[in-house]
Amino acid sequence: MRLDEIANGLLDETVKGMPGGLAPLKLGDVGKQGWNLLAEDLPLPVCVLKADAVSRNETLMRTFLERTGALLSPHGKTTMSPQLFDRQDK
């Protein structure tokens with residue numbers, strides 16, 4: 001999946017979940033800010049996803065579906081998490 005367009009998108013203080021007074025920055029640069037969730041550098045509530053946990057959960061769910069024959073419809077808020085939505089559809 002190509003994320004260039006998303007990573008180059010600009011965020012500022014008008015974007016939900018971003019700190020007040022934030023000068024525009026690229027989404028791809030968020031990780032470089034050194035923000036600390038425990039120090040409440042970002043407005044609460046906040047959600048954190050760990051890549052290894054998402055991958056583990058994905059594998060577990062696929063195995064369950066294969067073994068049981070159950071069918072699920074992928075769902076998600078595609079405008080806020082297109083990468084996660086895409087992973088459900090494979």
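Good morning. Among contacts in this chain between residues at least 6 apart in sequence, 29% join residues at least 24 apart, where contact means heavy atoms within 4.5 Å. Please note that this is a predicted model, in which local features need pLDDT of at least 70 and side-chain atom pairs count only at pLDDT 80 or more, while totals for chains, interfaces and linings use all residues. Residues are numbered from 1 along each chain as its sequence is written, and side-chain values use heavy atoms, with hydrogens and water left out.

I turn to confidence. The pLDDT, the predictor's confidence in each residue on a scale from 0 to 100, averages 85 over the chain, and 90% of the residues score at least 70. Strand β2 (residues 25-26) has the highest confidence, at 94, and helix α3 (residues 82-88) the lowest, at a mean of 76. Where pLDDT is low, the predicted coordinates should not be read in detail.

Next, the overall architecture. The chain contains 3 helices and 2 strands, in the sequence order α-β-β-α-α. Helices (H or I, at least four residues) and strands (E, at least two) are DSSP runs, numbered from the N terminus.

How does the radius of gyration of the chain stand against that of a compact globule of 90 residues? The chain has 16 Å, whereas such a globule would have a value near 12 Å; the radius is taken over C-alpha atoms, and the globule rule is 2.2 Å times the number of residues to the power 0.38. Along its principal axes, the C-alpha trace spans about 50 × 30 × 20 Å. Buried residues account for 8% of the 90 residues, with buried meaning under 20% relative accessible area, exposed over 50%, and partly exposed in between (1.4 Å probe, protein chains only).

Let me now consider the loop between β2 and α2. Two residues there deserve mention. E40 lies in this loop and has a positive phi, near 60°, although it is not a glycine. E40 counts as exposed because its relative accessibility is 55%. P45 is found in the loop as well, and a cis peptide bond joins L44 and P45, with omega about 0°. Most residues other than glycine have a negative phi, and most peptide bonds are trans.

Finally, helix α2 includes S55. This residue counts as partly exposed because its relative accessibility is 31%. S55 and R87 are 32 residues apart in sequence, yet their C-alpha atoms are 9.5 Å apart in space. Thank you for your attention.
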